[in-house]
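Dear colleague,

I am handing over the structure below, together with notes on what was found in it. Please read the notes with the coordinates open beside you.

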Amino acid sequence: QGLRNHGNTCFMNAVVQCLSNTAPLAERLALGRYRARGARAEVTHRLAALVRALWTRDYTPQLSAEFKNIVSKHSSQFRGNAQHDALEFLLWLLDRMHEDLGAASPAQHTRGTQEVGNPTGVAAHPGSGGRCLGQVWESSLTCPHCLKQSNTFDPFLCISLPIPLRQTRALNVTLVLQCERWRFVRVGLAVPLLGTVADLREMVAREGCIPPEQVILAEVSPRGFLRSLGDKEELGAAGEGAPLYAFQPPPARRAGCPRSLPASPGVSRPEGPRLPPAAARSSDCLHRGPGGRILLLLCNTAGAGPQLARFGPPLVLREERGISWEQLQQSILAQLRALLRGEVRAQGTGALFRIRLAGGSAPCIYLSPQDPRPLCHPAIDRALQLSGAGGPPHVKLTVEWDTSTKERLFGNIQEEVVQDAESVRLQQQAHRQQHSCTLDECFQLYTKEEQVRGTPR
């Protein structure tokens with residue numbers, strides 16, 4: 001049942017509607033189950049008549065106009081047609097009702113403070129006779145040093161409750177695991193808004209059943225790698241620039257050159273693409289031993305400029321630092337065996353593709369096929385140092401194919417096919433719905449213990 005606006009009385013109408021829909025109060029007013037103090041209780045009588053008319057559908061604009069006139073009579077601040085605050089009017093109206101019904105205003109009570117162990121504090125409870133709407137509010141303060149506790153009791157008319165806000169957001173992460181059954185699976189996670197990448201790493205580790213220290217988190221766009229994520233980064237922007245991938249490194253294996261791929265008579269020997277003049281050889285930059293193994297994250301791209309696009313799944317492999325270009329190319333082709341249209345003779349074919357360091361802000365750096373040990377390039381060491389804290393050190397490489405070679409060897413293959421776990425749908429559905437909370441949750445947040453920060457005197 002609506003209420004007529006009598007000139008900026010929306011604040012008044014809003015309060016009347018709230019009180020009219022507060023069942024215990026509306027029942028007492030509408031059924032006359034209250035005892036007012038004679039003619040002085042004009043405000044309560046007019047409010048009761050208005051609430052009764054709303055519930056019996058007998059409302060007329062005359063009733064709300066009379067209520068406005070009575071309010072103006074007893075409160076000069078609400079006279080005229082000026083705009084007012086609804087909460088301010090509500091507090092005045094409740095206080096006036098208490099006076100009309102024979103109760104003292106809570107403002108007339110004095111504050112009482114009781115130290116723990118003082119029995120007089122409880123006996124002196126204000127409002128102990130039910131004389132105010134909120135009888136008493138107890139606030140306890142405990143010193144963290146001497147543990148002395150002080151309890152303060154205050155009467156109240158209303159409480160401004162905080163509304164609990166959603167503390168998580170939905171984030172999809174594609175897991176690249178070493179398990180054949182779940183090689184590529186996208187999972188949905190509820191990540192904390194104020195968390196760090198370290199928290200996300202722990203969640204991914206639980207989903208993939210792998211140790212957290214083995215998880216490598218990186219953003220992979222349709223054009224290739226963007227960046228790896230470090231543990232100290234905030235989660236606010238993680239996954240917004242590009243889809244997020246979590247890589248599990250392959251288990252350590254014995255050192256040795258990868259096996260040759262079987263030859264295919266149907267595949268001719270292509271000419272390797274020319275490298276840009278800026279490509280440098282590691283032997284020209286730094287002489288270092290071939291020992292040690294390195295973790296490589298690879299993605300394959302084809303095309304150039306706006307047509308540049310990633311194809312196939314991103315790969316993760318572990319190689320010896322001292323391997324040659326031919327051995328590295330052979331190892332990459334072995335990882336792509338399932339995607340090839342036919343078998344490829346890797347030995348002696350020259351460079352089938354170019355390899356570029358990815359994910360850095362520096363100018364493009366390509367590894368040279370003429371380099372006897374391309375993974376010993378100084379830029380590889382810099383990339384290892386910049387891979388970020390959290391997860392094993394690694395290097396991101398982009399394998400660049402020219403379009404004709406890609407079409408001949410792989411056909412029209414696009415990005416990898418990723419299976420969505422049920423958690424993706426559940427998290428999207430949960431976070432798409434409007435966040436709601438109960439009144440009890442608001443009270444729990446309001447009464448939650450907090451640490452008061454201040455300078456001791």
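Helix H12 (residues 422-432) lies across E4, E5 and E14, and runs at about 30 degrees to E5. Here helices (H or I, at least four residues) and strands (E, at least two) are DSSP runs, numbered from the N terminus, while axes are lines fitted to C-alpha atoms, for helices over the stretch in contact, with angles running from 0 to 180 degrees between N-to-C directions. Please note that this is a predicted model, in which local features need pLDDT of at least 70 and side-chain atom pairs count only at pLDDT 80 or more, whereas totals for chains, interfaces and linings use all residues. Residues are numbered from 1 along each chain as its sequence is written, and side-chain values use heavy atoms, with hydrogens and water left out.

E4, E5 and E14 belong to an open sheet of 6 strands with the order E7-E6-E8-E4-E5-E14 and mixed pairing, where two strands pair if DSSP finds at least two bridges between them. Its edge strands are E7 and E14 (419-420), each of which pairs on one side only. Strand E4 (residues 168-176) pairs with strand E5 (residues 184-192) in the antiparallel sense over 9 bridges, and within that pair Ala170 stands opposite Ala190 in E5. Helix H7 (residues 197-208) also packs on this sheet, touching E4, E5, E6 and E8 (contact means heavy atoms within 4.5 Å), and its direction makes about 135 degrees with that of E5.

E6 is joined to strand E8 (residues 244-247) by 4 bridges, the two running antiparallel, and Ala218 stands opposite Tyr245 in E8. E6 is also joined by 4 bridges to strand E7 (residues 224-228), again antiparallel, where the bridge partner of Ala218 is Ser228. E6 and E7 form a hairpin that has 2 residues between them.

Which strands make up the open sheet of 5 strands, and in what order? The order is E10-E9-E13-E11-E12, with mixed pairing, and the edge strands, each pairing on one side only, are E10 and E12 (366-367). In strand E9 (residues 293-302), 9 of the 10 residues are buried, so E9 is largely enclosed by the rest of the structure. Strand E10 (residues 309-320) runs antiparallel to E9 and is joined to it by 9 bridges; among the paired positions, Leu295 has Arg318 of E10 as its bridge partner, and Ala302 has Ala309. The hairpin of E9 and E10 has 6 residues between the strands, and in it Gly303 takes a positive phi near 90 degrees. Strand E13 (residues 395-401), by contrast, runs parallel to E9 and is joined to it by 7 bridges, with Thr301 opposite Glu400.

Helix H9 (residues 325-335) lies across E9, E10, E11 (354-357), E12 and E13, running at about 125 degrees to E10. The buried residues in H9 include Trp325, Leu328, Ile332 and Leu333, and what covers the buried residues of this helix includes E9, E10, E11, E12 and E13.

Helix H3 (residues 42-56) and helix H4 (residues 61-74) pack at an angle of about 160 degrees, with their axes 9 Å apart. That makes H3 roughly antiparallel to H4, since angles over 145 degrees count as roughly antiparallel, those under 35 as roughly parallel, 65 to 115 as roughly perpendicular and the rest as oblique. On the H3 side the contact includes Val43, Leu47 and Leu50, and on the H4 side it includes Leu63, Phe67 and Ile70.

As for the protein overall, there are 13 helices and 14 strands, and 39% of the 457 residues count as buried. Among contacts with a separation of 6 or more, 68% are accounted for by residues 24 or more positions apart.

Best regards

Definitions and conventions. Buried < 20%, exposed > 50% of the residue type's maximum accessible area, 1.4 Å probe, protein only.
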